[in-house]
Amino acid sequence: MTPSTRPLNRTTYDAAPAAPVRLIHLGLGAFHRAHQVFYTVKAEADPSDPEWGYCSFTGRGPSMAEKLTSQDGLFTLVTRSGDGDEYDVIEGIVEAQPANNVARLRELMASKDLAVVTMTVTEAGYHLTQGLEINTSSSSVATDIDALRGDHSRITYLGTAAGKLVLGLSARRDAGLGGIAIMSCDNIASNGNTVRASVLGLAREVDEELEEWIEENVTFPSSSIDRITPASASELARDVAEATGYEDVAPVVAEPFASWVIEGDFPNGRPAWERAGAQFVEDIEQFENRKLWLLNGSHSLMAYYGQLREHDTVAEAIADADVRSRVETLWDEAARHLTADGLDISGYRAALIERCENPRIRHNLAQIGIDGATKQRMCAVAIMNAELGAGRNGSGSAFSIAAWIAFVLGNENAANINDTRASEIDKARRAGQPIRALVAVLDEDLAANESALATITGHVEALTS
Ligand code: CS2
């Protein structure tokens, strides 16, 4: 620390009194802080007397919880636009806990005031089969079920989010309290149904009466979340110290844009997130698809095609006219299926171009390229299937699928495939017909559709020749 800087905490910063814990988050990372915590703080009617505090649990290791605890939960949010940076200290996390503090989680979930649990645990973190059944052959699921069949007060570790929620909900029921909302903020379609299937599926294995109680009392709203929050580089802390004088060990950087669309009920209340710009809708599906297909769909296309063309960041990729025209074609296909009122697709597309071009957000294509098997299934494959269903060939979305395949085939070293499904991908690319096998990793029906496969294969051949 240089003489002119000081540590960041509730005393040095002269923060408002810490709000009571009424919110829990599972999966404390940069995105949670730049999104749900940001919205919650902005939703406070009186920031000098906040009502909604978060206790946020990390997904795995203790590191982020330790850093935030050393700062009483405070951190700086750097909002980075093309023109410059804004620095805000965010006070909404009042407690940060490591993933393994299940005793504290259980205690908080059985408190009267607790209203909402939000979560970002990635699709793999729900441990569901393709048919949305809890995957009891996963060892972490099996271990959690065993533990939850025993004495809950002795549990010191649970590996799955569903296991933790079942532990907490069981304590809540035993305390005679009413329901709460559990809301996934993962970037997956129908995330409310996903978390519901995961929690009910695991509860059923442990205690059928608890499963019924959850069904009657707990809600699982769906949400579509959006804010580009790239992994922060070490220079960020230096920028924060220079600009604010605080030696922040856990700053976050994000773009100015933020969106949160929510469908569902909150039986024990919630922050007035609409005051911060969140949109509450009756039917979220097309909003979800707008986000997944247009933003994430173009991101994935840029991640694979852009890296094949030796770009490193989104801003570089979108500046390449060839990449840009592939993105526009993908969007044209997606837009034909995004017709609900209020979606404003042309405005959304224009804003997206500007967001991608933001020269000061360094969003690495390699980071976006992680977990392509899951992301492409939700984006390019979903668009292509919609196009095929409408009697067209979906060549633009097929190109994105092909770019992923060309990228995977070009990566000799299996260890370089950064994907929770890496072993399936590695097996597929060594199969007799690798293109068909890789398409099957994304969608078996698509791989069995000869004309769709031919469209994809044509693009892969052009990309690899
Ligand atoms: C990105 C997303 O890594 C990725 O797949 O496309 O993280 C994207 O930045 C966010 O979904 C934006 O809301």
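**View 1. Arg-392 and its partner Glu-387.** Arg-392 is partly exposed, with a relative accessible area of 34%. In this predicted model, the side chain of Arg-392 meets that of Glu-387 in a salt bridge, with 2.9 Å from N to O. Glu-387 itself is buried, at a relative accessible area of 1%.

**View 2. A salt bridge between Asp-226 and Arg-355.** Here the closest N and O atoms of Asp-226 and Arg-355 are 2.9 Å apart. The pair links distant parts of the chain: Asp-226 belongs to strand S9 (residues 222-226) and Arg-355 to helix H12 (residues 345-357), 129 residues apart. Are these two side chains buried or exposed? Asp-226 has a relative accessible area of 4% and is buried. Arg-355, with 10% relative accessibility, counts as buried too.

**View 3. Asp-320 and Arg-309 around helix H10.** The side chains of Asp-320 and Arg-309 form a salt bridge with an N to O distance of 2.8 Å. Asp-320 lies in the loop between helix H10 (314-318) and helix H11 (321-335), while Arg-309 lies in the loop between helix H9 (285-308) and H10; the two are 11 residues apart. Asp-320 is buried, its relative accessible area being 12%. Arg-309 is partly exposed, with a value of 35%.

**View 4. A network of salt bridges.** Which residues are linked in a network of salt bridges? They are Arg-80, Asp-85, Arg-238, Asp-239 and Arg-360. For context while you explore this view, the structure holds 27 salt bridges.

**View 5. A patch of negative charge on the surface.** Glu-208, Glu-209, Glu-212, Glu-215 and Glu-216 gather here in a surface patch of negative charge. Take Glu-209 as your guide: it sits in helix H7 (residues 208-217). Glu-209 counts as exposed because its relative accessible area is 60%, and exposed means over 50%.

**View 6. Two residues with positive phi.** Asp-72 is not a glycine, yet its phi is positive, near 55 degrees. You will find Asp-72 in the loop between helix H2 (63-70) and strand S4 (75-80). Asp-72 is partly exposed, with a relative accessible area of 31%. Thr-122 also has a positive phi without being a glycine, at about 70 degrees. The place to look for Thr-122 is the loop between strand S7 (116-119) and helix H4 (139-149). Thr-122 is partly exposed, and its relative accessible area is 43%.

**View 7. Ala-272 and Thr-40, apart in sequence.** How many residues separate Ala-272 and Thr-40 in sequence? The answer is 232, while in space their C-alpha atoms are 7.9 Å apart. Ala-272 is found in the loop between strand S12 (259-263) and strand S13 (279-280). With 21% relative accessibility, Ala-272 counts as partly exposed.

View 8. An unreviewed UniProt entry lists residues 22-274 as "domain: Mannitol dehydrogenase N-terminal". In the model, the chain over residues 22-274 is 36% helix and 20% strand.

Notes:
Residues are numbered from 1 along each chain as its sequence is written. This is a predicted model: local features need pLDDT of at least 70, side-chain atom pairs count only at pLDDT 80 or more; totals for chains, interfaces and linings use all residues. Side-chain values use heavy atoms; hydrogens and water are left out. Patches are made of residues with over 30% relative accessible area and no salt bridge: like charges are joined within 9 Å, nonpolar side chains (Val, Leu, Ile, Met, Phe, Trp, Tyr) within 5 Å. Accessible areas come from the Shrake-Rupley method with a 1.4 Å probe; for residues, only the protein chains shown count as cover. A salt bridge is a side-chain nitrogen of Lys or Arg within 4 Å of a carboxyl oxygen of Asp or Glu. Lys and Arg count as positive and Asp and Glu as negative; His and the chain ends are not counted. The place of a charge is taken as NZ of Lys, CZ of Arg, CG of Asp or CD of Glu. Helices (H or I, at least four residues) and strands (E, at least two) are DSSP runs, numbered from the N terminus. Buried means under 20% relative accessible area, exposed over 50%, partly exposed in between (1.4 Å probe, protein chains only). UniProt positions are given in the numbering used here, feature names are shortened, and annotations may be inferred rather than shown by experiment.
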